[in-house]
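Please walk through this model with the sequence and coordinates open.

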Amino acid sequence: MTVAPLRERPAYSALKDHHAKIERVHLRQLFGEDARRGERMTAEGVGIYLDYSKNRITDETLKLLLQLAQQSGLRERIDAMFSGEAINVSEGRAALHVALRAPRDAAIFTGGRNVVPDVYEVLDKMAAFAAGVRSGEWKGHTGKRIRNVINIGIGGSDLGPVMAYEALKHYSERDMTFRFVSNVDGTDFAEAVRDLSADETLFIISSKTFTTLETMTNAHTARDWLLAGLNGDEKAIAKHCVAVSTNAKEVAAFGIDTADMFGFWDWVGGRYSMDSAIGLSTMIAIGPDNFRAMLDGFHQMDEHFRTTPFEGNIPVLMALLSVWYNDFFGAQTVAVLPYEQYLKRFPAYLQQLTMESNGKHVKLDGTRVDYDTGPIYWGEPGTNGQHSFYQLIHQGTRLIPCDFIGFARTLNPLGRHHDILLANVFAQTEALAFGKTSDEVKEEGTADWLVPHRLFEGNRPSNTLLLERLTPGALGKLVALYEHSVFTQGVIWQIDSFDQWGVELGKVLAQRIIPQLESPTEPKLGHDSSTNNLIRRYRETKGADMKGAG
């Protein structure tokens with residue numbers, strides 16, 4: 001299917017005209033004209049209920065947005081992804097994260113090979129290893145059982161595992177400690193191990209190439225720490241380190257038995273990898289059965305996205321609404337607000353998923369876009385955020401669409417807590433949508449001079465996602481929902497949601513600067529005047545510190 005540039009698609013032009021007609025229409029009016037709006041503008045699937053009625057849309061808006069999806073070739077692109085085509089065009093790869101959670105008897109091909117058996121070979125190996133660590137069968141070098149697991153990775157090799165661990169902490173093995181090291185700042189490692197014993201600690205080193213600078217710097221520090229705590233015995237490394245990697249040579253050189261190397265594939269992007277071997281720490285924490293339940297949740301959402309007509313397709317609807325605000329209202333950010341403390345790291349996880357995927361300025365054909373892509377995603381769990389940045393959302397000058405996530409049942413029932421929590425979800429979306437008029441403020445007895453300060457304009461859009469409770473399966477569904485929403489946005493914008501060249505330049509330049517910082521003699525600098533000056537300043541301070549220490 002040949003797809004026209006975005007601005008040349010008939011639905012885009014129609015949406016532009018439509019936006020000019022309704023951009024000032026208030027949600028008070030839309031709800032006033034349709035008593036059933038809050039019941040009609042909903043979608044439900046695989047245990048997720050989406051209320052999108054508090055968005056600045058009409059039935060005509062929705063019809064045009066769905067036409068835009070069709071004219072963008074979304075159905076064809078979905079089929080291409082699920083069939084293993086190389087939709088990651090700049091790297092010539094498939095984007096087959098859906099294969100990571102497919103049923104064992106499924107057949108998903110890329111490059112003429114059914115990859116599902118490969119996936120299950122790794123999953124089975126992970127399950128056996130996780131069971132051994134959890135039961136105490138896997139012992140450290142001195143014969144003690146492993147009680148501490150530290151995942152060393154960065155980007156998708158860290159954000160997914162740490163988010164999943166925090167999200168599923170309720171289901172985790174509570175007599176074990178799980179920590180995560182990603183930052184090359186030495187403080188991150190020092191704080192992670194300061195109260196641990198080497199003879200009870202296992203490191204999972206997650207790096208596909210086993211050469212990633214930050215990860216391997218931390219990995220070698222972990223190796224030194226282990227040797228210092230285990231009498232320098234090199235054989236100890238194989239009992240206290242395993243690898244998630246594909247580079248057997250480097251893994252073996254590190255001292256890890258390649259039998260304890262868990263692989264994955266180039267058709268798995270880092271930010272889409274938490275349900276691959278990158279999730280080994282998650283599996284050890286929650287157990288193989290709960291991990292499989294999480295994978296099933298992913299798969300259920302995959303099937304919902306693949307088979308459900310767009311008008312009832314939750315990821316598609318959320319993506320279209322995001323495009324509506326991004327491209328027509330000029331909204332630059334999206335707030336994701338989970339009212340569930342276990343999901344405290346979920347917004348941070350989504351930042352990489354969304355912004356590394358769709359933070360692109362060129363289209364698939366390499367030409368520059370002439371419209372905005374990739375809004376900024378951010379957020380914090382409720383109700384904490386209500387006492388910080390909600391002020392800006394309610395009364396600020398910027399339009400900030402919000403996703404509220406709530407659960408009907410709590411994992412930790414304590415008196416009235418959950419009713420109060422959910423009351424805040426519903427109250428915030430109501431307040432954002434309808435606000436408070438000057439007449440309503442005056443009726444409260446507010447002095448005229450104070451009325452403008454206490455006025456709420458409303459007309460601030462939001463989605464509300466409701467699930468029954470936070471289970472491993474529910475987490476998988478939520479993550480897959482946002483994965484497919486991001487993909488849908490990328491299809492409409494005609495960008496590659498699966499490469500990330502934007503992270504490369506800074507890393508390359510850092511490799512040039514490191515020896516200049518470490519050189520015992522004055523290096524020859526060829527950067528701009530600012531960078532040259534900063535390097536000299538750092539070297540002077542570092543030199544003064546070394547003299548003082550001497």
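Begin at Leu475, which touches Met163, Ala164, Ala167, Leu168, Met274, Met294, Leu343 and Leu470, not counting residues up to four places away in sequence. The model is a predicted one. Leu475 belongs to the largest nonpolar core, which has 129 residues, and is among the five that touch the most other members, together with Trp267, Ile284, Phe346 and Tyr482. The largest share of this core, 12 residues, is supplied by helix H20. Apart from this core lies another one, of 26 residues, including Phe189, Leu226, Leu230 and Val251.

Which residues of H4 are buried? They are Thr61, Leu62, Leu64, Leu65, Leu66, Leu68 and Ala69. H4 spans residues 59-71, 13 residues in total, and reaches 18 Å from its first C-alpha to its last, close to the 18 Å expected at 1.5 Å a residue. After H4 comes Gly73, with a positive phi near 75 degrees.

Next, the sheets. An open sheet is formed by 5 strands in the order E6-E5-E7-E8-E9, with parallel pairing. Its edge strands, each pairing on one side only, are E6 (177-181) and E9 (261-262). Within this sheet, strand E5 (residues 148-152) and strand E7 (residues 201-206) pair in the parallel sense over 5 bridges. Ile152 stands opposite Ile205 in E7. Helix H7, residues 156-167, lies across E5, E6 and E7 and runs at about 150 degrees to E6.

A further set of strands pairs in the antiparallel sense. Strand E1 (residues 42-45) and strand E2 (residues 48-51) are antiparallel and joined over 4 bridges. Together E1 and E2 make a hairpin with 2 residues between them, and Val46 in the turn has a positive phi of about 45 degrees. Glu44 has Tyr49 in E2 as its bridge partner. E2 is also joined by 3 bridges to strand E13 (residues 462-467), and these two run antiparallel. The partner of Asp51 in E13 is Thr464.

Return now to H7, the helix that holds Ser157. Ser157 counts as buried because its relative accessibility is 12%, and the cut-off for buried is under 20%. Leaving aside neighbours within four places in sequence, Ser157 is in contact with Asn151, Ser206 and Ile278. Ser157 and Arg271 are separated by 114 residues in sequence, while their C-alpha atoms are 7.7 Å apart in space.

Where does Arg271 lie? Arg271 is in the loop between E9 and helix H12 (280-286). Arg271 counts as buried because its relative accessibility is 1%. The side chain of Arg271 reaches the backbone oxygen of Ser497 at 2.9 Å. With residues up to four places away in sequence not counted, Arg271 touches Gly156, Tyr349, Gln352, Leu353, Glu356, Ser357, Ser497, Phe498, Asp499 and Gln500.

One of those contacts of Arg271, Asp499, is found in the loop between H20 and helix H21 (504-518). Is Asp499 buried or exposed? With 7% relative accessibility, Asp499 counts as buried. The side chains of Asp499 and Ser90 are joined by a polar contact of 2.5 Å. Asp499 touches Asn88, Ser90, Glu91, Arg271, Glu356 and Lys360, again not counting residues up to four places away in sequence.

The last stop is Asn290, in helix H13 (residues 288-307). Asn290 counts as partly exposed because its relative accessibility is 24%. A polar atom of the Asn290 side chain lies 3.0 Å from the backbone oxygen of Ile286. Beyond neighbours within four places in sequence, Asn290 is in contact with Tyr171 and Pro472. Asn290 and Gln29 are 261 residues apart in sequence and 46 Å apart in space, C-alpha to C-alpha.

Methods. Residues are numbered from 1 along each chain as its sequence is written. This is a predicted model: local features need pLDDT of at least 70, side-chain atom pairs count only at pLDDT 80 or more; totals for chains, interfaces and linings use all residues. Side-chain values use heavy atoms; hydrogens and water are left out. Buried means under 20% relative accessible area, exposed over 50%, partly exposed in between (1.4 Å probe, protein chains only). Contact means heavy atoms within 4.5 Å. A polar contact is a pair of N or O atoms within 3.5 Å; within protein, one must be able to donate a hydrogen and the other to accept it, and residues adjacent in sequence count only if both atoms are side-chain atoms. The expected span of a helix is 1.5 Å times one less than its number of residues. Two strands pair if DSSP finds at least two bridges between them. Axes are lines fitted to C-alpha atoms, for helices over the stretch in contact, and angles run from 0 to 180 degrees between N-to-C directions. A nonpolar core is a set of buried Ala, Val, Leu, Ile, Met, Phe, Trp, Tyr and Cys residues joined through side-chain atoms within 4.5 Å.
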